[in-house]
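This briefing goes through one protein chain and its ligands by topic. Keep the sequence and the model in view while reading.

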Amino acid sequence: MAYKITDGCIGCGACEGTCPVGAISNDGSVCVIDADTCIECGACAGACPTDSIKLD
Ligand code: SF4
Ligand code: SF4
């Protein structure tokens, strides 16, 4: 299990810097989480203005 960025992402980038293990990257229009790297801390979910990061 890992956190996942859903369709509500507007690519603002606010989540990227919150990840302690660097699991979030920006593909140009939206951000994505590498499920193998995510340690499920939840920090990114709290930073998202559109509430688009959910535990998958
Ligand atoms: S839940 Fe934590 S480890 Fe996983 S992507 Fe978000 S900030 Fe990174
Ligand atoms: S903070 Fe939310 S809206 Fe902004 S890039 Fe991350 S997932 Fe997308």
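**Surroundings of the ligands**

The shell around ligand 1 consists of 11 nonpolar residues, one polar and one charged. In this count Ala, Val, Leu, Ile, Met, Phe, Trp, Tyr, Cys and Pro are nonpolar, Asp, Glu, Lys and Arg are charged, and the others, Gly among them, are polar. This is a predicted model, in which local features need pLDDT of at least 70 and side-chain atom pairs count only at pLDDT 80 or more, while totals for chains, interfaces and linings use all residues; side-chain values use heavy atoms, with hydrogens and water left out. Residues are numbered from 1 along each chain as its sequence is written, and chains are lettered from A and ligands numbered from 1 in the order in which they are written.

- Ligand 1 has 13 residues around it, and Cys19, Cys38, Cys41, Gly42 and Cys44 come nearest; a residue is near a molecule if one of its heavy atoms lies within 4 Å of it.
- Ligand 2 has 13 residues around it, of which Cys9, Cys12, Gly13, Cys15 and Cys48 come nearest.
- The shell around ligand 2 has 10 nonpolar residues, three polar and no charged.

**Fold and dimensions**

- The chain contains one helix and four strands, counted as DSSP runs (helices: H or I, at least four residues; strands: E, at least two) numbered from the N terminus.
- Their order from the N terminus is β-β-β-α-β.
- Along the principal axes, the C-alpha atoms fill a box of roughly 25 × 20 × 15 Å.
- Of the contacts (heavy atoms within 4.5 Å) with a separation of 6 or more, 55% join residues 24 or more positions apart.

- Of the chain's 56 residues, 30% count as buried, where buried means under 20% relative accessible area, exposed over 50% and partly exposed in between (1.4 Å probe, protein chains only).

**Salt bridge**

- The structure holds one salt bridge, defined as a side-chain nitrogen of Lys or Arg within 4 Å of a carboxyl oxygen of Asp or Glu.
- Lysine 54 and aspartate 51 form it, with their closest N and O atoms 3.1 Å apart.
- Lysine 54 is partly exposed at 37% relative accessibility, and aspartate 51 is partly exposed at 47%.
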